[in-house]
Amino acid sequence: MSLPPSSSSTTPSPSQPQSLQPSQPQPPPRSAFDFPREYHFPPFFTRQSNLTTLHSQLEKWSSLVLSYCRHHRLFRLSLSYDGAPHEDLFRNRRLGRSLSLADAREVLDFMRREGRAEPVGGDGAGRDDGSGGAGSGGGGDVFWVYWRTLEEWAGLVEDWVEDTAQKGTVLTLYELTEGEGTRGTEFHGLDPDLLQKALQVLVKRGKAQIFGQEDQQGVKFF
């Protein structure tokens, strides 16, 4: 004598999924930049007339620019910021206040004197060269921002060469900034022009030699 099928056992319908595939892990999104306290007060965007107060203001702006560029991995910064991805650095829309171009230039000139910025092209004007670097746009003033100094970038490359036994090896500049071998290092993705400036530090120390055509340059480490 056969028993009728139990009412608790059901056959899954074709529309029901038989199993769920595990989702692939996604890289965490870059966290929002945490602006300092003074960014949320209107006087921060107005040039102070008292020299002592002005010096403190320039120091705070310098610290903000370095922290912001480091967070977003910006290596060059255009002062023509209208509509640029970094517009919020110089413009606080909630306050309705922004740093004038003249005041932004004074901040970057202060950073230049501190060794933390340099006009792109080195001519003091820093005009946008159309190279598409981070923060370029609109033909405004463009500056290198050294949230790591050239000596620090050179040191990171030199340490990697030592750790990976690359002395005597010829590498292209592309391999250094985009190659699989440097993935995970802080200089992976470094602006190629900034890499060249950092490598010149090693050249002067007799630790590297750069050769080849401009678009096919290689470097040998000693």
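Helix α1 runs from residue 51 to residue 72 in this predicted model. Its 22 residues reach 31 Å from the first C-alpha to the last, close to the 32 Å expected at 1.5 Å a residue. After the helix comes Arg73, whose phi is positive, near 50°.

Now, which parts of the structure do the buried residues of α1 pack against? They pack against β1 (76–78), α2 (87–90), α3 (101–113) and β5 (142–145). Among the buried residues of α1 are Leu54, Trp61, Leu66 and Tyr68.

Arg70 of α1 leads us to another part of the chain. Arg70 forms a salt bridge with Glu186, and their closest N and O atoms are 3.7 Å apart. This pair links distant parts of the chain, since Glu186 sits in the loop between α5 (173–178) and α6 (192–204), 116 residues from Arg70. Arg70 is partly exposed at 40% relative accessibility, and Glu186 is partly exposed at 26%.

Glu186 has another partner, Arg148, in a salt bridge of 2.8 Å, N to O. Arg148 lies in the loop between β5 and α4 (150–163), so its pairing with Glu186 ties together parts that are 38 residues apart in sequence. Arg148 is buried, with a relative accessible area of 17%.

Salt bridges turn up elsewhere too: a search of the whole structure finds 16. Asp82, Glu87, Arg91 and Arg93, for example, are linked in a network of them.

Conventions. Residues numbered from 1 in each chain as written. Predicted model: local features only at pLDDT ≥ 70, side-chain atom pairs only at ≥ 80, totals over all residues. Heavy atoms only, no water. Helix = DSSP H or I, 4+ residues; strand = E, 2+ residues; numbered from the N terminus. Expected span 1.5 Å × (residues − 1). Buried < 20%, exposed > 50% of the residue type's maximum accessible area, 1.4 Å probe, protein only. Contact = heavy atoms within 4.5 Å. Salt bridge = Lys/Arg side-chain N within 4 Å of Asp/Glu carboxyl O.
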